[in-house]
Amino acid sequence: MHNVPCPGCGAQIAFRSAASVMAVCAYCQSTVLKDADSVRQYGRMSEVLADYSPIQIGTAGSFGGQGFAVIGRIQLRYDAGIWNEWYVLFDDGHGSWLSDASGLYTMTTQRAVDGVVPTFESLVPGHAYPINGNRYVAADIRTADCIGGQGELPFQVGQGWQARVADFHAGDLFLTLDYSDAGKTCLYTGQSLSLDALKCQMLREDDAIEAGSGKFTGKVSRLGCPACGSNVAYVPGMTTHLACPNCSASIGTTAEVAEVLAVGQRMEKVATSLALGAEATIAGVPYTLIGLLQRRDDDGDSWTEYLLFAPRAGFLWLVETSAGWERARMLDQWPTWDLGASALLGSQPFTRTARYRARVSFAAGAFNWRVTVGDAVQISEFENGRARLSAEVTAQELTWSLSNPVPTDQINAWFNTTILPVSKASTARLTTIAHWFAAAILLFNAVPLLLSFRNTWFLPALAIACVYLPALYLDRFGERP
Ligand SMILES: [Zn+2]
Ligand SMILES: [Zn+2]
């Protein structure tokens, strides 16, 4: 440990790691650079945003049979949200990064680059690249801004510092390429893990979070929509974007003050089986329904996805399709997949059953990423028995989720409600039936149309309109039994 007085306020700043080159004063936010023996102030760092993270400077744990302590942090913001990179110091003196993104954790350590690595511009999510002797699949490619920092850090960051990073998976191996420094690419490898696996001590207590930040994070709270004033339920620090259920405004909640990112387009209200704010008890854990969105594929079939949140257990998805209900969770241990027709999750083989594009047609409530009506993803689905794997690919990201069917009775029991089971017969689209009617009308009127088109065309046209328009309306806005 090496203590220096803060050039800004005189408070003691501790350097615990020999590898640290800068530190942020806990009292005045001055950033202090450490040269051989001297220290100098070179600016100020913004305070980190109060968020849900249970980790703090001083949190201790163990990983790989060795103890570690959290000594620094940078907080980063990108298009879809914020995440934390915690700098941890292990007992043997080496440093690693514990990344914490909406409750998904990875521990990575810097390694030497062996051979060539792909350029940032060439990366495509879902594609595999040979890196350091392994085949890694690109998962997430993002440019982010450093918005705050704490403690000591192994490189110089400050206001306006921009990170260009890409994450890769190979089974349970995890790799990050950091392109932030134009001159050289840094490589980090490690694995995804659960916070429990780190056996942490000195985590933040809920009370401390409340006292420290002035608001209780990780608990569902309410925010007045800055566009229309209506109340929206959200989770401070955990959900980064709101879609106002009343005016459809897109609201960012990662700044100190909620800001309107885009005014809402007028949208038809969508009737859903479960409403925003609904409460459920699942396996003894109380969840709140905080977000819902509808998506539609290119054939016009639509389904509803519900985002549930519990302070300790985190996020959970329920999906309602014409075939019934599913419970889904995001995977941090990735299946092996080479973009082909099969995927392997651990030792379980899955076979591709569908591939389609889906667009968000409606969104309301709070989400842990920025969701906008019109957002498109390419979805590949794989099945093994009743379990279904889904890969969702956008231009920036590939994510995997695993879902299992849930009987409607179970949903009713969780929410203490009564939703009727979906009738399979009702799932045929009315417009499809109307197409056949239109074809039949044209066929039956073929002779008069051919003989005297000018005098007869409007009769079949009127008949087709009478059949087709109500079908189109009901398919689009009608409630399915
Ligand atoms: Zn200071
Ligand atoms: Zn609003």
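Two residues are in contact, or touch, if their C-beta atoms, placed from the backbone, lie within 7 Å. In this predicted model, Leu175 touches Ile131, Tyr136, Phe168, Leu187, Tyr188 and Thr189, leaving aside residues up to four places away in sequence.

Leu175 belongs to the largest nonpolar core, which has 54 residues. A second core is separate and holds 33 residues. Its members include Ala249, Leu308, Val319 and Ile411.

The overall figures for the protein chain come next. The chain has 481 residues, and 31% of them are buried. Its secondary structure consists of six helices and 31 strands. Contacts between residues at least 6 apart in sequence were also examined. Of these contacts, 52% join residues at least 24 apart.

Strand β31 (residues 398-406) pairs with strand β25 (residues 324-330). The two strands run antiparallel and are joined by six bridges. In this pairing, Glu326 has Pro405 of β31 as its bridge partner. Strand β31 also pairs with strand β30 (residues 387-393). Here too the strands run antiparallel, and six bridges join them. Arg388 has Ser403 of β31 as its bridge partner. Strands β30 and β31 form a hairpin, with four residues between them.

One loop residue was examined separately. Asp51 lies in the loop between β5 (39-44) and β6 (60-63). Is Asp51 buried or exposed? Asp51 has 20 C-beta neighbours inside 10 Å. The cut-off for a buried residue is 20 or more other C-beta atoms within 10 Å. Asp51 therefore counts as buried. Asp51 and Thr239 are 188 residues apart along the chain. Their C-alpha atoms are separated by 9.7 Å.

Note on methods: Residues are numbered from 1 along each chain as its sequence is written. Chains are lettered from A and ligands numbered from 1 in the order in which they are written. This is a predicted model: local features need pLDDT of at least 70, side-chain atom pairs count only at pLDDT 80 or more; totals for chains, interfaces and linings use all residues. A nonpolar core is a set of buried Ala, Val, Leu, Ile, Met, Phe, Trp, Tyr and Cys residues joined through C-beta atoms within 7 Å. A residue is buried if 20 or more other C-beta atoms lie within 10 Å of its own, exposed if 12 or fewer, and partly exposed in between; C-beta atoms are placed from the backbone. Two strands pair if DSSP finds at least two bridges between them.
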